[in-house]
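Subject: Structure handover

Hello,

Here is the structure I said I would pass on. Please open it alongside the notes below.

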Amino acid sequence: MKYFLDSAKLDEIRRAYETFGIDGVTTNPRHIMLSGKPFRKAVGDIADWVAAEGLTGWERFPVSVETDPHIDDADALVAQARELAAMSPNFVIKIACTENGVAAARRLEKEGIRTNVTLVFSPAQAILPAKNGSLFVSPFLGWKEANGEDCRAYIRNIVDIYKNYGYYGKTQIICAAVRTAKQIVDCAVAGADIVTAGLDIYRESIAHPYTRQGIETFAQAWDNTAVE
Ligand code: E4P
């Protein structure tokens, strides 16, 4: 399973790449705002970093960049997506899962611009992006679980549907808004292709109190043992 970093902050992206070897980045308008930079500067800086690392191309290191959420007209979405895609060969264009959004993603895929259909909250929503050949579909977990839903069946159903119809691996499932280590495990058990989460979640997922306790126990033993 691939790990993407859900952030537009360059220091976090750099850190997550160096420490955890993340496989890509997802941004959204909220992450861009939190970067403190203007939109074009924030995504341009990520594009420059990707190129400097020698990771050119969406196949090697996809960076999802979301269209203006005020736009809900397929022609306007396609026009903005073309403009964003021209900024970097790593950019995958994120479009909300609406009727016009899916129509725009279908047109973009036909002209070779890769898309990530986002803000997906049900298996029914996840089917059309796959039928239309989007590179990614982003079912959100964290928001649903914060609302009291258990998302295991939701992700498993999307994986099963994709397997039933040959979409699995072609349209890759990015489990988005992942907030806990347990959700990462749930996604991996279900067979999701990718999780996207913040740096803190990946840090938490690698930490365990028994590992820390074990290091302390062994350090004491080490200190009470002669070396020669
Ligand atoms: C995914 O692609 C989204 O950017 C993301 O997971 C949304 O999560 P957020 O609620 O942390 O912004």
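The notes below go from the whole chain to one helix, then to a strand pair, the core and the ligand.

Please keep in mind that this is a predicted model. The chain has 228 residues, and 42% of them count as buried. It contains 11 helices and 8 strands. Along the principal axes, the C-alpha atoms fill a box of roughly 75 × 40 × 30 Å. Of the contacts between residues at least 6 apart in sequence, 55% join residues at least 24 apart.

Helix H6

Helix H6 covers residues 123-131, and its buried residues are Ala-126, Pro-129 and Ala-130. Viewed down the helix axis, these buried residues lie within an arc of 100°, so they line one face of H6. The general rule is that an α-helix has 3.6 residues a turn, so residues three or four places apart point the same way. On the other side of H6, Ala-124 and Lys-131 are exposed.

What covers the buried residues of H6? The cover includes helices H5 (99-110) and H8 (152-164), together with strands S5 (115-120) and S6 (136-139). After H6 comes Gly-133, which has a positive phi, near 80°.

Strands S5 and S6

Two of the elements that cover H6, S5 and S6, also pair with each other: they run in the parallel sense, over 3 bridges. In one of these pairings, Asn-116 has Phe-136 in S6 as its bridge partner. Phe-136 and Ser-138 point one way from S6, while Val-137 and Pro-139 point the other way. All four are buried.

The core

The largest nonpolar core has 64 residues. Those that touch the most other members are Ala-81, Ile-93, Ile-155, Ile-173, Cys-175, Val-178 and Ala-192. Taking Ala-81 as an example, and leaving aside residues up to four places away in sequence, its contacts are Thr-67, Ile-93, Ala-104, Leu-108 and Ile-113.

The ligand

Which residues surround the ligand? They are Asp-6, Thr-26, Asn-28, Arg-30, Thr-118, Ser-138, Gly-142, Ala-176, Ala-177 and Thr-196. By class, this shell has 6 polar, 2 nonpolar and 2 charged residues.

Regards

Conventions:
Residues are numbered from 1 along each chain as its sequence is written. This is a predicted model: local features need pLDDT of at least 70, side-chain atom pairs count only at pLDDT 80 or more; totals for chains, interfaces and linings use all residues. A residue is buried if 20 or more other C-beta atoms lie within 10 Å of its own, exposed if 12 or fewer, and partly exposed in between; C-beta atoms are placed from the backbone. Two residues are in contact if their C-beta atoms, placed from the backbone, lie within 7 Å. The arc is that of the directions from the helix axis to the C-beta atoms. A nonpolar core is a set of buried Ala, Val, Leu, Ile, Met, Phe, Trp, Tyr and Cys residues joined through C-beta atoms within 7 Å. A residue is near a molecule or strand if its C-beta atom, placed from the backbone, lies within 6 Å of it. Ala, Val, Leu, Ile, Met, Phe, Trp, Tyr, Cys and Pro count as nonpolar, Asp, Glu, Lys and Arg as charged, and the others, Gly among them, as polar. Two strands pair if DSSP finds at least two bridges between them.
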